[in-house]
Amino acid sequence: MSTKKNVAIIGSGNWGSAIARIVGDNVKKLPSYHDIVKIWVYEETLKDGRKLSEVINEEHENVKYLPGYKFPSNVVAVTDIVEASKDADILVFVMPHQFLERSLLPLKGKLKPGAFGVSLIKGFHIPPGGGIRLISCLINEILDITVHVLMGANLAPEVAEGKFCETTIGVRDINHMKSMKDLFQTDNFRVVVVDDADAVEVCGALKNIVGVGAGFVDGLGYGDNTKAAVIRLGLMEMIKFTEVFYPGAKLSTFFESCGVADLVTTCYGGRNRRVAEAVVKHGKSIATLEKEMLDGQRLQGPETAAEVNYMLKEKQMEARFPLFTAIHRICEQELPPSEMIDCIKVHPEHLYEPSFLQDLEEGKLEV
Ligand SMILES: NC(=O)C1=CN([C@@H]2O[C@H](COP(=O)(O)OP(=O)(O)OC[C@H]3O[C@@H](n4cnc5c(N)ncnc54)[C@H](O)[C@@H]3O)[C@@H](O)[C@H]2O)C=CC1
Ligand SMILES: O=C(CO)COP(=O)(O)O
């Protein structure tokens, strides 16, 4: 029996397709891996009547979600998620978080013993009993496998183009560190591995809320100083949120690509920013503009803002996170975008003592 490992990619959107190009190329160079990488495609019929999976397998290109970039020919589209996953030793989960739970249910109990995963998915899950849960924990709960996370300043089209960037992998089992790095690192996609997976994942989810806020201020015509303030206050709320709900996280993780770098790139170049700006400029709803502007790609920021707000309300903590709260209320059309700045003018960070310094002094954050 072959001891070579199989990799499967679960999701084939904009980021799923870009990462499949990297993984597909990398496995060909790694003797301990099988060449074929199966990629699960949620089947759809394209405007010209063709099936997306068939086009991917014939033309080696995801013409809908990553047009203009070829997959290596060893990346094979599979429309049955069980068929795509059952032989995999490593599963790369990469789909909009709103579809994850129902997509994974058919896989329950069907994976290879010893398989493990890595999640590239940004967002949270609201379990039936209340609170919020990390996406990697949801995957772990459904599939009973270890799930690492990969998050970073990685706008998919730029990664596909091979423009230099960094990423962060948060590992939950150090024995998988080498395989994680081997699978993803290239000359232009540099991987830093850390052992602070919860914080890596929380950064990836929360920065999308701030990206929406950055879009609102762009739409309102504020300048770079205002956007920088939103980015800074967003970062402070990300740190505070992690400290409150995921104690033990390291402050240093916020200075990895998954933290400040992903926050900056999202606030300048992300889809969340772009659609939020258009919401202000055109007065249409987020849902309408998401459809009009993204052709099937999905925003994570507004849903993540709602998930976070659910948690903050439950814990009566909205006042401690005025930026996250204002962005959520604007997304829900409870507030006009013009009120965003008013909401953050009395931000707790403008009190005398920066709160994270207090936290550091109290030993709540580890450097
Ligand atoms: N696009 C980007 O630049 C980056 C995205 N991410 C994260 O990666 C995750 C995946 O994002 P993308 O690959 O960009 O997806 P995307 O935004 O391109 O979404 C489209 C994907 O959703 C699938 N889909 C539509 N309806 C579905 C359904 N009912 N069930 C299952 N799948 C369905 C489509 O088939 C397609 O594969 C998200 O959490 C995102 O935040 C992370 C880094 C960069
Ligand atoms: O997560 C991303 C970059 O790392 C992509 O952000 P957007 O979804 O806002 O494009």
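The model is predicted, and its protein chain has an average pLDDT of 95, with 96% of the residues scoring at least 70. The ipTM is 0.99 and the pTM is 0.96. Where pLDDT is low, the predicted coordinates should not be read in detail.

**Sheet architecture**

- An open sheet is built from eight strands with mixed pairing, in the order β3-β2-β1-β4-β5-β8-β9-β10.
- The edges are held by β3 (75-78) and β10 (189-194); each has a single partner strand, so one side of each is left without a neighbour in the sheet.
- On average, and with direction ignored, neighbouring strands of this sheet are turned by 25° against each other.
- Helix α10 (residues 257-269) packs on the sheet and touches β8 (147-151), β9 (165-170) and β10. The direction of helix α10 makes about 140° with that of β9.
- Strands β1 (residues 5-10) and β4 (residues 90-93) run parallel and are joined by four bridges. In this pairing, isoleucine 10 stands opposite phenylalanine 93 of β4.

**Recorded binding-site positions**

- An unreviewed UniProt entry assigns the feature "binding site" to Gly11, Ser12, Gly13, Asn14, Trp15, Gly16, Phe99, Ala156, Arg271 and Gln300.
- Serine 12 belongs to the loop between β1 and α1 (14-29). Serine 12 counts as buried because it has 29 C-beta neighbours inside 10 Å, where the cut-off for a buried residue is 20 or more.
- Residues up to four places away in sequence aside, the contacts of serine 12 are Ser17, Ile39, Trp40, Val41, Asn62, Tyr65 and Ala77.
- Alanine 156 is part of helix α6 (residues 156-161). Alanine 156 is also buried, since 20 other C-beta atoms lie within 10 Å.
- Beyond its neighbours within four places in sequence, alanine 156 contacts Asn14, Trp15, Ala18 and Leu66.

**Glutamate 307 in helix α13**

- Helix α13 (residues 301-314) contains glutamate 307. With 21 other C-beta atoms within 10 Å, glutamate 307 is buried.
- Glutamate 307 and isoleucine 126 are 181 residues apart along the chain, and their C-alpha atoms are separated by 6.8 Å.
- Isoleucine 126 is one of the residues that glutamate 307 touches; the others are Gly123, Phe124 and Ile132, when residues up to four places away in sequence are not counted.

Notes: Residues are numbered from 1 along each chain as its sequence is written. Chains are lettered from A and ligands numbered from 1 in the order in which they are written. This is a predicted model: local features need pLDDT of at least 70, side-chain atom pairs count only at pLDDT 80 or more; totals for chains, interfaces and linings use all residues. Two strands pair if DSSP finds at least two bridges between them. Helices (H or I, at least four residues) and strands (E, at least two) are DSSP runs, numbered from the N terminus. Axes are lines fitted to C-alpha atoms, for helices over the stretch in contact, and angles run from 0 to 180 degrees between N-to-C directions. Two residues are in contact if their C-beta atoms, placed from the backbone, lie within 7 Å. UniProt positions are given in the numbering used here, feature names are shortened, and annotations may be inferred rather than shown by experiment. A residue is buried if 20 or more other C-beta atoms lie within 10 Å of its own, exposed if 12 or fewer, and partly exposed in between; C-beta atoms are placed from the backbone. pLDDT is the predictor's confidence in each residue, from 0 to 100.
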